[in-house]
Amino acid sequence: MTRLSVEMLAADTVEPITSAGHAQLGIAVLSGIAVIVLLITQFKLHAFLALTIGSLALGAFAGAPLDKAIASFTTGLGSTVAGVGVLIALGAILGKLLADSGGADQIVDTILAKAGGRSMPWAMVLIASVIGLPLFFEVGVVLLIPVVLMVAKRGNYSLMRIGIPALAGLSVMHGLVPPHPGPLVAIDAVGANLGVTLALGVLVAIPTVVIAGPVFSRFAARWVDVPAPDRMVPQRPSEDLEKRPGFGATLATILLPVVLMLSKALVDIVVDDPANTVQRVFDVAGSPLIALLAAVLVGIFTLGRPAGFSKENISRLVEKGLAPIAGILLIVGAGGGFKQTLIDCGVGQMVLDISKDWSIPALLLAWLIAVAIRLATGSATVATISAAGLVAPLAADMSTTHSALLVLAIGAGSLFFSHVNDAGFWLVKEYFGLSVGQNIKTWSVMETIISVVAGGLVLLLSLIL
């Protein structure tokens, strides 16, 4: 029995914090989400504060006592941070170590040295996908922008022909593949198996990134034919270093947590005996916490030491890596509080009751809900968290494979049509020197392609697996 199944059984014996009917609960959900959207878009309030206020508003609209709504929110916040907070922190440390040691630059330069001409967009996809595994999207963009501009200028390529594949690689990793915060939160909310989700996420990501990257970049380059902007290119981290890690050691460090988590999933399927010693060893080694912790510790020696970092340098690097994720942790935690408030108000049961009368598949419903919240808030993370809270009860009777696909459906929907209320939209626009219209024709369309293709692949896999 899955953890979520146990929670659902327990929920059957506990009265929800409100006795509101479906109509009132439906209005409460829409009102709570509307409050979050309004605070983020119109009042420019930080997503953490918006989610906190929206959760309390949801409880109030649903007729729940304020003290119980507060208790639900804080419980959800605490359990979510406990479940994924350490993983996000370890991912941030690994990403900082990779960037500052010059390991990321080493991978970029090695692949670019072997690529040229028509293969360059494919090389950019490969670079972005590998670099994007341990890095947050915004960090990946900042890291790869100098490379994109340099390659476009030196090779006389259209900026879109090189830039779109790089952005597609980063975006797909961000939305579909753990240990990124969005997929991790959805896995925790739905009770999905992380290894299976990771394996299926990679399976969906490969064709998605090919279509949204190198293939779409051909059209994007025709629609918006712009050269790399003539302005100062940001300095690459390794330019101040006398030496940097080797390509093989860097690649092995990045892929270590992925290999460990996938190995655990494979052993669980093949052995399927919790008492078996081999399975117990892989269950420990392949757990997200141990896998990422191992990568960080290995990275200190394979990335930090070759770059000439002293113990003090590494300590400062870890501290700097943790500082920027405070906001992300708070948003993720508040999203977990919002999810718990939804569940405790009985919204999950309402979704179950209503969806029984619909012919729409659960995976498509999850994708549509994530799309709606993404369009409204502009945040992929907020869309993922909120959608996961709404559809989590649908996973109670799902197989391990289908609960993982539910997570991927949510992740795919959360990437749909980035526009002016998304910080990533403006980040890409300013770095590439595009107008709003040009950015919509390229970046926004690319995000939509990723969402639709990935969503379609998830539905196709659900029919096969």
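Which residues does Ser55 touch, not counting residues up to four places away in sequence? Select Ser55 and look around it: Phe73, Ala334, Gly337, Phe338 and Thr341 are touched, where contact means heavy atoms within 4.5 Å.

Before going on, note that this is a predicted model, in which local features need pLDDT of at least 70, side-chain atom pairs count only at pLDDT 80 or more, and totals for chains, interfaces and linings use all residues. Residues are numbered from 1 along each chain as its sequence is written, and side-chain values use heavy atoms, with hydrogens and water left out.

Stay with Ser55. It lies in helix 3; helices here are DSSP runs (H or I, at least four residues), numbered from the N terminus. Ser55 is buried, at a relative accessible area of 1%. Buried means under 20% relative accessible area, exposed over 50%, and partly exposed in between (1.4 Å probe, protein chains only).

Next, select helix 3 (residues 47-61) together with helix 4. Their axes are 9 Å apart and they pack at an angle of about 140°. Axes are lines fitted to C-alpha atoms, for helices over the stretch in contact, and angles run from 0 to 180 degrees between N-to-C directions. Helix 3 and helix 4 are therefore oblique to each other: angles under 35 degrees count as roughly parallel, over 145 as roughly antiparallel, 65 to 115 as roughly perpendicular, and the rest as oblique.

To see the contact itself, show Phe48, Leu51, Thr52, Ser55, Leu56 and Gly59 in helix 3, which meet Ala69, Ile70, Phe73 and Leu77 in helix 4. By class, this contact has seven nonpolar, three polar and no charged residues. Ala, Val, Leu, Ile, Met, Phe, Trp, Tyr, Cys and Pro count as nonpolar, Asp, Glu, Lys and Arg as charged, and the others, Gly among them, as polar.

Now go to the largest nonpolar core, which has 152 residues. Such a core is a set of buried Ala, Val, Leu, Ile, Met, Phe, Trp, Tyr and Cys residues joined through side-chain atoms within 4.5 Å. Select Leu159, Met160, Val347, Phe432 and Met446, the residues with the most contacts inside it. Helix 4 (residues 66-100) supplies the largest share of this core, twelve residues.

Two loop residues end the tour.

- Lys44, in the loop between helix 2 (22-41) and helix 3, has a positive phi of about 55° although it is not a glycine. Lys44 is exposed, with a relative accessible area of 67%.
- Phe417, in the loop between helix 19 (400-413) and helix 20 (423-432), also has a positive phi, near 35°. Phe417 is partly exposed, at 27% relative accessibility.
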